[in-house]
Structure formats: C-alpha cells, structure tokens
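Take the chain from its overall layout to single residues. The paragraphs below follow that order.

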Amino acid sequence: MEEYHTWQSFGNSHRFSFCQYPFVISIAAKKIIIQRDSEQQMISIARQSLVDKVSRRQRPDMNMLFLNMKVRRTHLVSDSLDELTRKRADLKKKLKVTFVGEAGLDMGGLTKEWFLLLIRQIFHPDYGMFTYHKDSYCHWFSSFKCDNYSEFRLVGILMGLAVYNSITLDIRFPPCCYKKLLSPPIIPSDQNTPVGICNVTTDDLCQIMPELAHGLSELLSYEGNVEEDFFSTFQVFQEEFGIIKSYNLKPGGDKIPVTNQNRKEYVQLYIDFLLNKSIYKQFAAFYYGFHSVCASNALMLLRPEEVEILVCGSPELDMHALQRSTQYDGYAKTDLTIRYFWDVVLGFPLDLQKKLLHFTTGSDRVPVGGMADLNFKISKNETSTNWLPVAHTCFNQLCLPPYKSKKDLKQKLIIGISNSEGFGLE
C-alpha cells in the first residue's frame with residue numbers, strides 16, 4: 001500500500017515505484033491494493049455523509065453509512081435499477097441488501113444472493129440484452145437499437161459493485177470485453193472522447209464467434225479470385241427483430257467490391273463493426289456504469305485478464321484444497337461425520353460440488369487467493385439428524401447435524417444444496 005500511495009502521490013515523476021511496472025506485481029497483491037483502496041473510499045464517503053448531516057444539525061443515522069438496496073424478488077431488475085438510480089451518490093458506500101418481506105439480515109449473504117439472481121435474470125436470452133454464443137460459451141452485447149441504455153449501465157454498475165465489495169460473479173464475457181473495459185482505464189475528462197473502443201483482431205472475434213472468425217480467415221488465405229467467386233461488397237447485414245438491416249463498412253460500401261487487394265481492409269472493418277461500432281452505445285453505458293463505482297488509479301495496474309479474474313474468480317474447483325483449509329467448530333477432522341462428509345463431497349460430480357459451494361458461500365466461484373481464501377468452516381449443529389444442513393453464507397459456514405450414516409448424510413446434503421434460495425431466521 002505504501003508503494004501504491006507513493007505512486008499516486010508522485011505520478012509520473014522520476015521517483016521510483018514498483019507500480020510503474022505492474023507486470024512484476026502478483027494478481028493477489030493487486031487485489032489487496034484494490035480492496036484497501038475501496039475500503040478507504042468507502043470510509044471517506046461515509047465520513048463525508050456523517051459530516052454533512054451533523055453540519056446541518058440533523059441526527060445521524062447508521063443507514064446513511066451504507067448503500068441500502070431494498071428490492072422485491074418479483075420485481076428484481078426494475079427495483080434494483082430504481083434504487084441504484086436514486087442512490088447514485090451512495091455507490092461507493094458499503095453495500096447492504098434487503099429483500100422485502102424476508103427476515104434475513106445482510107451480513108454479506110443477501111448481497112451475494114442479490115447479485116446471483118440479478119445476473120441470472122439479466123443474462124437470460126428472453127431478456128434480449130445479451131446474446132449467448134453456444135460455440136464459445138460466452139455472452140456478447142446485443143446490437144439491437146433501443147431508446148434507453150440504462151440497463152446496460154446497471155450491468156456495468158453490478159460488475160463494479162462486485163469488484164468494489166469483493167464478490168465474485170458468474171458472468172461469461174469473452175476476454176475482449178475486459179480489454180474494452182480498460183480502454184481507457186480512467187474515464188477521460190473530455191466527454192466527447194470515445195470509450196470502450198480498442199484494436200480488435202480475428203483472435204478477438206474467434207473468442208466470441210469462432211465460425212465467423214474461421215470464415216474470415218479462410219477469405220484472407222483464399223488463393224482464387226475473391227471478387228468473382230464471392231461477390232461481396234463492403235456492406236454487412238444483421239437481423240434485428242426479424243428484419244434484415246444493411247450497414248456500409250465505409251462510405252459507399254455497397255458499391256465497393258471485396259477483392260484480393262482490399263480483403264484485409266474488409267475483414268478489419270467487419271471485425272471492428274461487430275465488436276466496436278455496432279454495440280458502441282450499449283458498451284459505453286456499460287463502461288460508464290462500471291467506472292462510476294470502480295474509478296481508481298488501481299485499475300491502471302491491471303491487465304484485462306486480471307480484471308476478469310477479479311470479477312469472475314476462478315471456475316476451477318479444487319475440493320481437496322478446500323478440505324485442507326477447512327476449519328471446524330464442535331467437530332474434529334477425524335470425526336466420523338466429517339469423514340463421511342468429505343467422502344461424499346469428493347465423490348460428487350462437478351455440478352453438485354458447485355451447488356455445495358453456492359449453498360455455503362453464496363457463489364460457486366473461487367476467489368483470487370484460491371480455496372484457502374474462503375475461510376470455510378463446518379460447525380456441529382446439535383439438532384435432530386432428521387434436519388437438513390443449514391448454511392450461513394455471510395460467514396462461509398456449514399452447520400452439519402451429526403448424521404450416523406454416509407447414506408443419510410448424502411441424501412440430506414443433496415436435498416439442502418439443491419433447494420437453497422431465499423433467506424429466513426431460525
């Protein structure tokens with residue numbers, strides 16, 4: 001942190017700082033810098049709110065120190081959008097979520113649930129904001145024009161809040177998205193400066209639309225007469241709500257044939273159109289949403305792939321590593337129930353292991369520091385063995401009754417982790 005503060009204070013002066021060479025800093029160290037930087041911003045904003053209240057001779061209220069989200073499950077997206085729009089000045093405060101009509105108190109678990117459900121709804125194909133590409137297993141921005149891009153800004157804010165509050169999200173964006181998100185890494189002072197535009201290649205397109213990228217590569221290496229054999233022009237077609245629309249890649253493009261001489265230009269303009277120009281307004285709203293929360297010099301230390309790890313964590317589950325780092329309360333790791341538990345969990349298929357992780361931590365992703373960073377704990381639940389396991393996602397804690405057989409434990413555990421939505425108090 002001293003290095004980071006020195007770098008912030010002296011900028012591009014001749015004073016040496018390791019932050020001038022971010023490639024030598026590990027992603028774990030960068031995460032610490034971002035977390036501490038976020039915490040300092042949270043404290044600073046909360047303190048300012050307190051001072052403003054006192055200076056107006058009003059009674060301080062603890063709720064003013066947080067970004068309080070009150071949402072209904074049945075209107076999750078619209079309520080979240082309304083709350084974030086109204087509380088734009090509070091985005092850099094610590095996040096707290098309340099589900100209307102539920103008794104759960106947010107010590108971190110409700111926040112994770114809110115993120116999970118909101119992301120699931122927004123990325124659903126019927127919602128129309130993002131297109132899922134089965135060949136590459138990733139989402140990309142829909143190019144459909146609309147009157148209001150505020151929901152794309154909401155997704156950007158969500159990603160920013162996740163990084164800012166150290167929560168991992170199950171979002172499947174291609175690496176190109178994070179490259180665009182850092183273009184530039186700091187919001188430009190001139191509002192007319194384009195944002196989210198970066199140099200893109202067939203490799204970037206291949207990460208989203210591999211078949212199209214392969215076709216364009218074939219065009220570049222084609223040995224015959226491109227003009228006579230393909231009859232293409234500098235014009236592309238896209239389907240929007242059942243209507244085919246045409247776009248010129250350059251002025252008068254519909255009159256310019258693609259030839260052996262200009263095919264490289266055609267391919268580059270086509271890729272730029274797909275990944276930059278056709279989705280500019282959508283991505284710009286997303287970019288400003290993310291940076292409205294995460295605006296920090298710390299972003300300048302990050303490579304695109306590191307932003308992706310901070311947002312999404314790692315999908316690689318190492319349950320043996322989780323077993324080694326697990327803490328116990330009321331149990332010893334040699335107890336029969338615990339031995340049954342790990343026999344069952346290590347034998348689970350990947351989807352059930354992910355459900356277990358989601359049940360106990362609120363996310364099925366692994367944080368930057370690996371399984372050890374979860375501080376996972378199994379506590380003895382002195383209740384009837386007819387009960388299901390209980391989880392406290394705020395503390396990454398599993399409360400396990402002392403089941404007498406492996407079969408009983410497996411059955412109860414699968415029922416518990418497969419029905420884990422909603423919060424209540426015992």
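Helices (H or I, at least four residues) and strands (E, at least two) are DSSP runs, numbered from the N terminus. By that rule, Ala28 belongs to helix H2, residues 27-55. The model is a predicted one, in which local features need pLDDT of at least 70 and side-chain atom pairs count only at pLDDT 80 or more, while totals for chains, interfaces and linings use all residues. Residues are numbered from 1 along each chain as its sequence is written, and side-chain values use heavy atoms, with hydrogens and water left out.

The domain assignment divides the protein into domain 1 (1-11 + 20-193 + 280-312), domain 2 (202-278) and domain 3 (319-419). These bounds come from an automatic or database domain assignment. Between the C-alpha centres of domain 2 and domain 3 the distance is 52 Å.

Ala28 is partly exposed because its relative accessibility is 37%. The C-alpha atom of Ala28 is 28 Å from that of Arg153, and the two residues are 125 apart along the chain. Gln40 is also placed in helix H2 and counts as partly exposed at 38% relative accessibility. A separation of 10.0 Å is found between the C-alpha atoms of Gln40 and Lys92, which are 52 residues apart along the chain.

Two strands pair if DSSP finds at least two bridges between them. E1 and strand E2 (residues 94-99) run parallel and are joined by 6 bridges, with Phe66 opposite Lys94 in E2. From E1 the chain passes through helix H3 (residues 76-86) to E2, a β-α-β crossover that is right-handed; this means that, with the strands pointing away from the viewer, the path from the first strand over the helix to the second runs clockwise.

Charged side chains meet rings in this part of the chain. A charge sits over a ring if NZ of Lys or CZ of Arg is within 6 Å of the ring centre and within 35 degrees of the ring normal. The charged end of Lys96 is over the ring of Phe66, at 5.0 Å from its centre. Arg73 lies over the face of Phe99, 4.2 Å from the ring centre.

Rings also meet one another. Rings of Phe, Tyr and Trp (its six-membered ring) pair if their centres lie within 6.5 Å; planes under 30 degrees apart count as stacked, over 60 as edge-to-face and the rest as tilted. This rule gives 24 aromatic pairs. One of them is the tilted pair of Tyr247 and Phe273, with 5.4 Å centre to centre and 40° between the planes. Tyr247 is in strand E6 (residues 243-248) and Phe273 in helix H10 (residues 263-275), so the pair links distant parts of the chain, 26 residues apart. Phe273 is buried, with a relative accessible area of 9%. One aromatic cluster is formed by Phe123, Phe130, Trp140, Phe141, Tyr149, Phe152, Phe173, Phe283 and Phe286.

Between strand E3 (130-133) and strand E4 (138-141) lies Tyr137, whose phi is near 55°, a positive value in a residue other than glycine. Tyr137 is exposed, at 58% relative accessible area. Phe231, in the loop between helix H9 (226-230) and strand E5 (235-240), has a positive phi of about 50° although it is not a glycine. Phe231 is exposed at 68%. The peptide bond from Ser183 to Pro184 is cis, with omega near -5°, and Pro184 is in the loop between helix H6 (175-181) and helix H7 (202-206).

Strand E7 (residues 327-329) pairs with strand E8 (residues 377-380) in the parallel sense over 3 bridges, and Asp329 has Ser379 in E8 as its bridge partner. E8 also runs parallel to E10, joined by 4 bridges, where Ser379 stands opposite Cys399. Which residue does UniProt list for "active site"? The unreviewed entry lists Cys394; such positions are given in the numbering used here, with feature names shortened, and annotations may be inferred rather than shown by experiment. Cys394 is in the loop between strand E9 (390-392) and strand E10 (397-400). Cys394 is partly exposed, because its relative accessible area is 23%.

Technical notes:
Buried < 20%, exposed > 50% of the residue type's maximum accessible area, 1.4 Å probe, protein only.
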